[in-house]
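The exercises below are to be worked through with the sequence and the model side by side. Each task is followed by a solution that goes step by step.

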Amino acid sequence: MKEDKENTKPKERKGEQEAGEEGEKSEKLKEKKEVLSKVVIRRLPPSLTKEQLEEHLQPLPDHDYFEFFSNDSSLFPHMFSRAYINFKSQDDIVLFRDRFDGYVFIDHRGQEYPAIVEFAPFQKVAKKKSKKKDSKIGTIEDDPEYKKFLDSYTLDEEKLTSTPETLLEEIEAKNKEMIAKKTTPLLSFLKNRQRLRDEKREERRRRELERKRLREEERRKWKEDEKKKKK
């Protein structure tokens with residue numbers, strides 16, 4: 001029994017030490033969490049600008065965040081400007097509060113605005129996003145889609161510079177190709193019928209021309225005969 005009691009004592013001491021270390025760590029974390037560094041200066045004149053405020057606050061202690069918000073007309077009649085500042089040192093926060101808490105700002109109309117300095121309800125600070133360089137910058141000339149577009153664009157320009165006659169010829173050639181590709185019994189029958197009609201029409205036209213030529217020849221001979229008779 002004595003041996004069991006002696007063996008349990010070191011374990012209890014270790015447990016107490018670990019609990020003490022965990023308690024110290026949690027206290028340190030709480031202290032870190034409880035450290036406030038971001039302040040807000042409220043009730044600034046509505047017409048105040050960021051540049052004017054920076055002039056009033058000079059010399060401004062070391063800080064890593066400064067954000068100014070102008071007045072919001074939707075909050076009438078409480079249209080005040082405000083600014084958020086995140087200081088690096090706690091001492092600077094105290095000095096800043098002593099300087100500007102209750103500091104009277106005067107606008108261009110001569111109206112007074114006593115400022116209020118307090119810790120910001122939201123202590124987090126917006127991080128500046130590092131802009132990554134786009135890997136595709138300057139590579140458009142090597143892009144295959146862009147090359148296709150350039151080729152089609154140059155072809156369109158060539159078509160625009162061509163004459164109407166050449167365009168009509170191209171259209172007719174394309175139509176003929178399309179018709180030639182589409183071959184069905186009905187289409188072939190219609191083509192043959194149209195071909196026969198064209199041949200008959202051409203034959204009639206040729207006969208008419210031949211008759212006309214013969215008539216003109218007869219008239220010419222008749223005129224010559226008449227001239228001979230008169231002589």
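On a 1 Å grid over the protein atoms alone, a pocket is an open set of points where a 1.4 Å probe fits, with protein on both sides within 12 Å along at least five of seven lines, and its lining residues have an atom within 4 Å of a point. Grid points are joined across faces, edges and corners, and a volume is the space filled by probe spheres set on the points. This is a predicted model, in which local features need pLDDT of at least 70 and side-chain atom pairs count only at pLDDT 80 or more, while totals for chains, interfaces and linings use all residues. Residues are numbered from 1 along each chain as its sequence is written, and side-chain values use heavy atoms, with hydrogens and water left out.

**Exercise 1. State the volume of the largest pocket and describe its lining.**

Step 1: the volume of the largest pocket comes to about 210 Å³.

Step 2: among the residues that line this pocket are Arg 42, Arg 43, Asp 72, His 78 and Ile 116. By class, the lining has three nonpolar, four polar and four charged residues, where Ala, Val, Leu, Ile, Met, Phe, Trp, Tyr, Cys and Pro count as nonpolar, Asp, Glu, Lys and Arg as charged, and the others, Gly among them, as polar.

Step 3: β1 and β3 each supply at least two lining residues; helices (H or I, at least four residues) and strands (E, at least two) are DSSP runs, numbered from the N terminus.

Step 4: Asp 72 is found in the loop between β2 and β3, and its C-alpha is 8.4 Å from that of Pro 46, although the two are 26 residues apart in sequence. Asp 72 has a relative accessible area of 37% and is therefore partly exposed, since buried means under 20% relative accessible area, exposed over 50%, and partly exposed in between (1.4 Å probe, protein chains only).

**Exercise 2. Is Ser 37 buried or exposed, and which residues does Ser 37 touch?**

Step 1: Ser 37 is found in the loop between α1 (2-34) and β1.

Step 2: the relative accessible area of Ser 37 is 18%, so this residue is buried.

Step 3: not counting residues up to four places away in sequence, Ser 37 touches Ile 85, Asn 86, Phe 87, Gln 90, Ile 93, Phe 119 and Gln 123.

**Exercise 3. Locate the backbone features at Arg 43 and Pro 59.**

Step 1: Arg 43 lies in strand β1, and its phi is near 55°, a positive value in a residue other than glycine.

Step 2: a cis peptide bond, with omega about -5°, joins Gln 58 and Pro 59, and Pro 59 has its place in the loop between α2 and β2.

Conventions
Contact means heavy atoms within 4.5 Å.
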